[in-house]
Amino acid sequence: MSSPTDYQFSFGPWNISEGSDPFGPNVRTTYAHESKYALYRPLGFTGVQLHDDDVVPDLEHLSPEQIMTKATKVGQMLRNQGLVPEFVAPRLWFAHTTIDGAYTSNSENDRRHAWERTQLCIDIARAVGSKAIVLWLAREGTYLREAKSTKLAYERLLTIINQILVYDRKIEIWIEPKPNEPTDLAYVPTAGHAISLAYASQDHTRVKTVIESAHAILANLDPSDEMAFALAHGKLGSVHLNDQNGLKYDQDKNFAAANLRAAFNQVLVLEENGYGRQGEFVGLDVKAMRTQLGSPVIDHLKNSRQLFLHLVEKVRTYDRKRVEEYRRQRDYEALELYTLQHLLRVK
């Protein structure tokens, strides 16, 4: 019998935030960005999720040589602290040239800027020692369907994926689906869309997906089903576990905070399908409640990791023979009762 998976965890510096939102002021004092890296290992995390400008702030005002010098130093700093850069993502949604989309903008100049920024991101990923970039297609969509040609938009997305695959012959592309926010009608809203793009690309083995729990819920889908679909195709590059209270704004609540049973099923899918055994990270994309006091606030990360590990134990003590017997008998009432009792520690 194989040994149990020893899970590795990651988060991004943005998950230790100042508690801001569009409707009010920051409620916590700023915590120095680079000081956050020293918090990872004491919390039980070894993977770092990064944006290109987390690695190199103000990169658009620096020369390529300055960018690579800074990125190389950050890579060495991470190694010195025993940290692994899980991925680097181009932050394409803050520039004035990408307000109406980056890769799918109607403006050729805007699309050119997005490609140049993506090339920089790949170079930065290589310099820090990351094997993957994440494409969160934040502004790739519209507020009204007539604003863009959707077919052309998907063709442009496929073109950019192929350009990346040619630009770097080793980098992996992990597409992170989200159905809305900041755009109302987003392109690539689900794992199915991302994986279809992967198979349409010129090297689908290097194109995968990242499933975020809250994003799947916002698409009115079960996160465990999205993960299972990606796993069935060998295309689950990473997961961003969190929770979501209904079809609202993207909340990034603590993992298992809103729906314990749905969280159990996510862990069940990951555990039963060997996720993590090839070095994949369990990403926790959670943010502290905006009104939480303190600086830095880190309990949301610690608590989410702890809850994941509690659920791992629940999965490992889940009586598979009993489950299979209920399935064979098609006694789903008994299966549901057993599952809930198991989660509640009652008989």
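## Aspartate 203 and its partner

Aspartate 203 comes out as partly exposed at 24% relative accessibility (buried means under 20% relative accessible area, exposed over 50%, and partly exposed in between, with a 1.4 Å probe and protein chains only). Its side chain meets that of arginine 206 in a salt bridge, 2.9 Å from N to O (the criterion being a side-chain nitrogen of Lys or Arg within 4 Å of a carboxyl oxygen of Asp or Glu). Arginine 206 counts as buried, at 9% relative accessibility.

A word on the model: it is predicted, so local features need pLDDT of at least 70 and side-chain atom pairs count only at pLDDT 80 or more, while totals for chains, interfaces and linings use all residues. Residues are numbered from 1 along each chain as its sequence is written, and side-chain values use heavy atoms, with hydrogens and water left out.

## Other salt bridges

There are 23 salt bridges in the structure. One of them joins aspartate 123 to arginine 126, with the closest N and O atoms 3.2 Å apart. Both residues sit in helix α4 (residues 108–128), 3 residues apart, or about one turn of the helix; helices (H or I, at least four residues) and strands (E, at least two) are DSSP runs, numbered from the N terminus. Aspartate 123 is buried at 17%, and arginine 126 is partly exposed at 45%.

Glutamate 172 and lysine 208 make another salt bridge, at 3.4 Å from N to O. This pair links distant parts of the chain: glutamate 172 belongs to strand β6 (residues 172–176) and lysine 208 to strand β8 (residues 207–212), 36 residues apart. Glutamate 172 is buried at 13%, and lysine 208 is buried at 19%. There's also a salt-bridge network, which links Asp52, Asp53, Asp54, Glu60, Arg91 and Arg117.

## Rings

Searching the whole structure turns up 14 aromatic pairs. Tyrosine 154 and tyrosine 187 have ring centres 5.5 Å apart and planes at 55 degrees, so this pair is tilted (rings of Phe, Tyr and Trp, the last by its six-membered ring, pair if their centres lie within 6.5 Å; planes under 30 degrees apart are stacked, over 60 edge-to-face, and the rest tilted). Tyrosine 154 is in helix α5 (residues 150–167), while tyrosine 187 is in the loop between β7 (185–186) and α6 (191–200), 33 residues apart. Tyrosine 154 is partly exposed at 24%; tyrosine 187 is buried at 1%.

Elsewhere, Tyr7, Phe9, Phe11, Tyr37, Tyr40, Phe45, Phe255 and Phe308 form one aromatic cluster. And the charged end of lysine 235 sits over the ring of tyrosine 199, 5.2 Å from its centre (NZ of Lys or CZ of Arg must be within 6 Å of the ring centre and within 35 degrees of the ring normal).
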